[in-house]
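Hi everyone, and thanks for making time for this. I'd like to walk you through one model, element by element, so please have a look at the screen.

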Amino acid sequence: MERNSSKRDSSGNNEETSLDCDRRQHIRDRSIGTHSRTIVESPLESLVACHECDLLHEKIEIEVGSVARCVRCDATLYVNKKNSIDRALAVGVAALIMFVIANCFPFLKISVSGNSQSMSIVSAVFALSGEGLWMLALVSFGFILLFPLIRMAGLLYILLPLRFNRRLPRVEFVFRSIVYLSPWSMTEIYFFGAIVALVKLASMANIELGYSFWAFALLNILTAASLQMIDNHSLWEYISEAKRRSLENEAGEDDDTSGNEGYGKEEGRDFGVTV
Amino acid sequence: MLTAAQCGLVACPACGTITRLSIERLDAPPKCQLCFARLHSRKPMSIQRSWAWLTAGILAYLPANIFPIMVTTVFGDSEPNTIIGGFFVLWEMESYLIAIVVFLASVVVPVLKFLAVSYLLISIQRRFQHSKYDRTRLFRMTEFIGRWSMIDVFVVAILAALVQIGSVAQIDPGIGATAFGATVIFTMLSALALDPRLLWDDKPAEGNRIDHRQSVNPNRDAQPTELVATGQRYE
């Protein structure tokens, strides 16, 4: 349905369509095709290119909780999340605490006929350190522990200074690391792997779930929640917002305004984020 | 319908900011003004890199199925388990749901991913003009689902860490696990290398070296010009 409607719109229906119901908005007729002359004139800050099909759209403000989608391929362009830095920070700190707890206590404990053995999350990595497996161990260490940790810490590194109106160096680098590492952070897959392992063993042995198991479960829920609250796009909006503000302050101090031309002084830029 | 490339614009892959490729910065490789990510209109050498990773993934999938992914030892009897063997064991244990999950993650998803990425790559190279929308959706699904195959490796790792109960039972990871992990990682890299925007290009703009002089449109009011790509031939 969605798809049909968006396709029909993109094929030259020129009149203003009412924006969609149930929390999904397409940027109808804002695709550049219908008025290609205006797009060339409009400021770059008011444009967004679909990351999957490269189609240019003009940004419009969308309601909180709705999604702007590409008219041609239906990819998500940007989301106006019901969010605040405070909430994202709270969840981020909680996730980091859960991460620490999950790594301090036993994860699973097995007992068969009097003998018992327990494991922590890291021991799965060490278990892979046999011959010909150390590379896999190294990679798993990254997927389960290192990359998720970098991601969480990076998020705090970006959000904390924003919350207290400060600037830390190399925010851009941290932001890019978060973006590029996100497909390689696999805590939720590890968690489901643990469940599969549990089921495999359940009939043969007695298995206890450790504290760390529950902390890890919470960690995954919190990670999902923080992704709900803040995605890469809105995170970048926060950063650029702060950047622009600090640049304006600098420009106010001395009259040299040549440096901040690229940073979008237009009003149209601050869409989608309500701080 | 105008794409960013047709207007001489590039969207930053990390932060999405749109930049105009300009003549003045021709000497320097283009970088995003705001977040300093390297800019490219299409992922550089997308097709070649994607094929290369895919081939590596398919090659790694053979040893993944031949060699055991783990060795189970119960009361002194060692038994190697291959991927498909693990599925049959679970099926006989009548835990059908888990058996199906394992089967999906270790056989269906990798094979479908090989087929899907090959199809997408061939469709770009042959310049199919039909069902671009569906192919984009196929790409999105491939990208999303691929990493879940890693579940198999983690199951082996967890079992190997947990089941080390002296003489009673012991599970050790096998070399097949490395091969399978390699398959998953290579196919993920293959999907990451594949640029879905190529699916939509009429005149495919493969390659990273965009001819700036021809793509740039310094006069904002002028009609947008066609991007001219001078990248590698990709057929």
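Before the sheet, one definition: two strands count as paired here if DSSP finds at least two bridges between them. And please keep in mind that this is a predicted model.

So let's begin with the sheet. In chain A, three strands make an open sheet, ordered S7-S6-S8, and the pairing is antiparallel. Which strands stand at the edges? Those are S7, residues 115-119, and S8, residues 206-209, of chain A; each has a single partner strand, so one side of each is left without a neighbour in the sheet. On average, neighbouring strands here are turned by 15 degrees against each other, direction ignored.

What packs on this sheet? Helix H7 of chain A, residues 187-202, does, and it touches S6, S7 and S8 of chain A. The direction of H7(A) makes about 150 degrees with that of S8(A).

Now a look at one pairing inside the sheet. Strand S6 of chain A, residues 108-112, is joined to S7(A) by five bridges, and the two run antiparallel. If you want a pair to find on screen, take Ser111(A), whose bridge partner in S7(A) is Ser116(A).

There is another antiparallel pair to show you: S4, residues 67-69, and S5, residues 76-79, both of chain A, are joined by three bridges. Here Ala68(A) stands opposite Tyr78(A) in S5(A). S4(A) and S5(A) form a hairpin, with six residues between them. In that turn, Asp74(A) has a positive phi of about 75 degrees.

Asn165(A) is not a glycine, yet its phi is positive, about 55 degrees. Is Asn165(A) buried or exposed? Exposed, with a relative accessible area of 61%. Arg170(A) is also in the loop between H5 and H6 of chain A. Its phi is positive too, about 60 degrees, although Arg170(A) is not a glycine. With a relative accessible area of 56%, Arg170(A) is exposed.

Last stop, helix H3 of chain A, residues 85-102. At 1.5 Å a residue, its 18 residues should span 26 Å, and the end C-alpha atoms are 25 Å apart, which agrees. Several residues of H3(A) are buried, among them Ile85(A), Leu89(A), Val91(A), Met98(A) and Phe99(A). Gly92(A) and Ala95(A) are on that buried list as well.

Thanks, and over to you for discussion.

Note on methods: Residues are numbered from 1 along each chain as its sequence is written. Chains are lettered from A and ligands numbered from 1 in the order in which they are written. This is a predicted model: local features need pLDDT of at least 70, side-chain atom pairs count only at pLDDT 80 or more; totals for chains, interfaces and linings use all residues. Side-chain values use heavy atoms; hydrogens and water are left out. Helices (H or I, at least four residues) and strands (E, at least two) are DSSP runs, numbered from the N terminus. The expected span of a helix is 1.5 Å times one less than its number of residues. Buried means under 20% relative accessible area, exposed over 50%, partly exposed in between (1.4 Å probe, protein chains only). Axes are lines fitted to C-alpha atoms, for helices over the stretch in contact, and angles run from 0 to 180 degrees between N-to-C directions. Contact means heavy atoms within 4.5 Å.
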